[in-house]
Amino acid sequence: MSTRATGDCTSLCHRVVDSLCGREPPHRGDYSATWSLQEWLQLLDSLTALFRLAVVNNISDEVVLSQLSDVSSSQAEVVLSVLRAREEEIRCALLDRTNSISSATLQDFDWQLKLALSSDKISSLHTPLLSLSLDVRENGVLRPVTLEMNRDELGMLISSLESANKVVLQLK
């Protein structure tokens, strides 16, 4: 590969990472002599997915290179070097994107366990209920949220929180 081709590959990879990090993406016009529109779109999608998955899943160099087996070894090395040089920047951008899904943050919580002995429909109930009080800050405003759950609903909440925690741990 010529020095110019290596430089173009490096520049393109950095521009793809820029795009992934919320900055200006590469322009097709800069590369229109090299790739057709369909090839260009496929290339951008493939590089973006590779960079994202390599960072999120902490993929080793060998696995990344195996994913690039259909390109020349010098191009694969360029892609890998850009990935490793900007890995932390990609990770931060992905975390920021995930965090921006909601601006609400949990500030404090409290819980109480209650035993419902009866209701207006059933004279003998004996059902444990959890009362969960959350203080949520959204856009600088603290707002209280109170939930009351039975055992099954609490189990579903715990499962959902455990799943969310696994996703967050994978992003770290």
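**View 1. D18 in helix 1.** D18 lies in helix 1 (residues 3-20); helices (H or I, at least four residues) and strands (E, at least two) are DSSP runs, numbered from the N terminus. The model is predicted: local features need pLDDT of at least 70, side-chain atom pairs count only at pLDDT 80 or more, and totals for chains, interfaces and linings use all residues. Residues are numbered from 1 along each chain as its sequence is written, and side-chain values use heavy atoms, with hydrogens and water left out. With a relative accessible area of 17%, D18 is buried; buried means under 20% relative accessible area, exposed over 50%, and partly exposed in between (1.4 Å probe, protein chains only). Not counting residues up to four places away in sequence, D18 touches R23, E24 and R86, where contact means heavy atoms within 4.5 Å.

**View 2. The aromatic cluster of Y31, W35 and W40****.** The structure holds three aromatic pairs. Rings of Phe, Tyr and Trp (its six-membered ring) pair if their centres lie within 6.5 Å; planes under 30 degrees apart count as stacked, over 60 as edge-to-face and the rest as tilted. The ring centres of Y31 and W35 are 6.0 Å apart and the planes stand at 40 degrees, so this pair is tilted. W35 and W40 also form a tilted pair, with 6.0 Å centre to centre and 35 degrees between the planes. Y31 counts as buried at 10% relative accessibility, and W40 counts as buried at 4%. W35 is partly exposed, with a relative accessible area of 26%.

**View 3. Packing of helix 2 on helix 5****.** Helix 2 (residues 37-56) and helix 5 (residues 87-99) pack at an angle of about 90 degrees, and their axes are 10 Å apart. Helix 2 is therefore roughly perpendicular to helix 5. Angles under 35 degrees count as roughly parallel, over 145 as roughly antiparallel, 65 to 115 as roughly perpendicular and the rest as oblique. Axes are lines fitted to C-alpha atoms, for helices over the stretch in contact, and angles run from 0 to 180 degrees between N-to-C directions. Helix 2 contributes F51, R52, V55 and V56 to the contact, and helix 5 contributes E87, I90, R91, L94 and R97.

**View 4. N58 in the loop between helix 2 and helix 3 (61-67)****.** N58 is not a glycine, yet has a positive phi of about 50 degrees. N58 is exposed, with a relative accessible area of 56%.

**View 5. Helix 4 and its buried residues****.** The 13 residues of helix 4 (residues 73-85) should span 18 Å at 1.5 Å a residue, and the end C-alpha atoms are 18 Å apart, which agrees. The expected span is 1.5 Å times one less than the number of residues. The buried residues of helix 4 are A76, V78, V79, L80, V82 and L83.

View 6. Strand 1 and strand 2 (residues 127-138) pair in the antiparallel sense over 11 bridges. Q112 stands opposite S131 in strand 2.

How values were computed
Pairing = 2+ DSSP bridges.
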